[in-house]
Amino acid sequence: MKYPDIEFESFFTWSNRPRIIYSPGARAEIAYELRELGGRRVAMFTDKGLVEAGVAEMVAAELRSSDVELVGIFDNIVQDARIGNINEGAQFYRSRGADSMVAVGGGSVMDTAKAINILIGDGGEDFQPLAEQAALWEGATPLPPHVAVPTTAGTGSEVTTAIVVLDAKARVKLQITHPYNADVAMLDPELTVKLPAKITAFTGMDALTHAIEGVASTGASPIGDALGLHAIRLIFKYLPMAVREPHDIEARGNMLIASTLAGMCFGNAMTGGVHATAHALGAHYGIPHGLANAIMLPHVMRFNAEERPLRYMMVADAAGVNVNDMDPLEAAQAAVEAVKDLKSEIGLTETLRDFKVPNDVEKLGETVGLAASDSQVSYNPRYLEEEDILNLYLSAF
Ligand SMILES: [Fe+2]
């Protein structure tokens, strides 16, 4: 495809943290990186599933045989970062006299760990008042050393400044940002081979959603386009392979790189209507984030296509569609079909019906309202009214 006449804002900024290290076996470098950052006593943050699967131990073993001290493993992290869990983690860090952290896990672990480090840097014991401020940029200072080790190829949380926190009582997902995210993102595909096919599939769709929404977003820029479009190429090629052949290091490695690229893309360009509607579904019906995105993605793309057809044409091209003889709107529709085909290839057939979401205009009202107030709505390329959000939900049954 010849590069189309893409317009972008005449002003944009781009933040570039953290340092990224990629290699099968990269976990052997964690201790060195921590020492370089001044860490001597490291606390590990992970979850019970990763301990049971032996993945946490793959990292812990490297740390034990190194010249930093592993002072404890906090494996109590639950699905979706939560205030109480963040406070507990910070207490653990302090009680073990840690001076640095390594986070080993998927998005929930990495987001919780980022929040714990902010609380440690702040010196307080309760994350609640910080969560309420949402943007923690004013006067922010560097935080203690932090290495993020993703075990899913999905959220990109290892490179973003955002933390999504579930307020279980209020049933809302809050978004908090702090300029000092992890210092190092350690990409080791060997840590992702035990991930079950289903989770591989929907976390991969989260990464794809970051890339597509980042490219189509009102916050898009040429830098984000470069990252997002290459992430899309890699995901369309390697996600089906990673689902079919879990031990294929080439597929796992490329997926990990793709999710990091997509994370860098949306970390700056932000997302849009898919994430807004998915956050509300997660808060009200507990639908895992990647799966909620996978359900909503084709519907929101179809809704947006006419607003930015050239951008969706680039998405179609990156997805492997031959768009040469198509007009931009046709190509944008082809991008939607390509996403639907990818979903069926990786076995994601779920609709909102599978999660007992009521197919009822009245009962959906509260979820529509929550999605409409989500911070990501304003980055959607087409203006989203509450009625549009309702129709998007109704089309996803
Ligand atoms: Fe996401």
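Start by selecting Glu 350 and Lys 198 in this predicted model: their side chains make a polar contact of 2.6 Å. Glu 350 sits in the loop that runs between α13 (328–345) and α14 (365–372). Is Glu 350 buried or exposed? Its relative accessibility is 15%, so Glu 350 counts as buried. Now show what surrounds this side chain. Setting aside neighbours within four places in sequence, Glu 350 is in contact with Lys 198, Leu 291, Ile 295 and Phe 355.

**Along α7, towards α9**

Select residues 197–216 for α7 and residues 249–269 for α9. A pair of packed helices is described by the angle between the axes and the distance between them. Here the angle is about 40° and the axes are 8 Å apart. That angle makes α7 oblique to α9, and the crossing of the two helices is left-handed.

To see the contact itself, show side chains on both helices:

- On α7, pick Thr 200, Gly 204, Ala 207, His 210, Ala 211, Gly 214 and Val 215.
- On α9, pick Arg 252, Met 255, Ser 259, Ala 262, Cys 265, Phe 266 and Ala 269.

Colour the contact of α7 with α9 by class and you will find eight nonpolar, five polar and one charged residues.

**Along α7, towards α12**

The crossing of α7 and α12 is right-handed, whereas that of α7 and α9 is left-handed.

For the contact, select Ile 212, Val 215 and Ala 216 in α7, then Arg 311, Tyr 312, Met 314 and Val 315 in α12. By class, the contact of α7 with α12 has six nonpolar residues, one charged residue and no polar ones.

Return to α9 and move on to Met 270, in the loop between α9 and α10 (273–285). Check the backbone here. Most residues other than glycine have a negative phi, and most peptide bonds are trans. Met 270 is not a glycine, yet has a positive phi of about 70°. With a relative accessible area of 17%, Met 270 is buried.

Next, select Arg 171, in the loop between β6 (162–167) and β7 (172–177). Arg 171 has a positive phi too, about 55°, and is not a glycine either. Buried or partly exposed? At 35% relative accessibility, Arg 171 counts as partly exposed.

Then go to Pro 18, in the segment before β1 (19–22). The peptide bond leading from Arg 17 to Pro 18 is cis, with omega near -10°.

**Last stop: Ser 395**

Finish at Ser 395, in the segment after α15 (386–394). Ser 395 has a relative accessible area of 35% and is partly exposed. Which partners does its side chain have? A polar contact of 3.3 Å joins it to the side chain of His 299, and it reaches the backbone oxygen of Leu 392 at 2.7 Å.

For a sense of scale, draw a line from the C-alpha of Ser 395 to the C-alpha of Ala 56: they are 40 Å apart in space and 339 residues apart in sequence.

How values were computed: Residues are numbered from 1 along each chain as its sequence is written. This is a predicted model: local features need pLDDT of at least 70, side-chain atom pairs count only at pLDDT 80 or more; totals for chains, interfaces and linings use all residues. Side-chain values use heavy atoms; hydrogens and water are left out. Axes are lines fitted to C-alpha atoms, for helices over the stretch in contact, and angles run from 0 to 180 degrees between N-to-C directions. Helices (H or I, at least four residues) and strands (E, at least two) are DSSP runs, numbered from the N terminus. Angles under 35 degrees count as roughly parallel, over 145 as roughly antiparallel, 65 to 115 as roughly perpendicular and the rest as oblique. A crossing is left-handed if the near helix is turned anticlockwise from the far one by less than a right angle, and right-handed if clockwise. Contact means heavy atoms within 4.5 Å. Ala, Val, Leu, Ile, Met, Phe, Trp, Tyr, Cys and Pro count as nonpolar, Asp, Glu, Lys and Arg as charged, and the others, Gly among them, as polar. Buried means under 20% relative accessible area, exposed over 50%, partly exposed in between (1.4 Å probe, protein chains only). A polar contact is a pair of N or O atoms within 3.5 Å; within protein, one must be able to donate a hydrogen and the other to accept it, and residues adjacent in sequence count only if both atoms are side-chain atoms.
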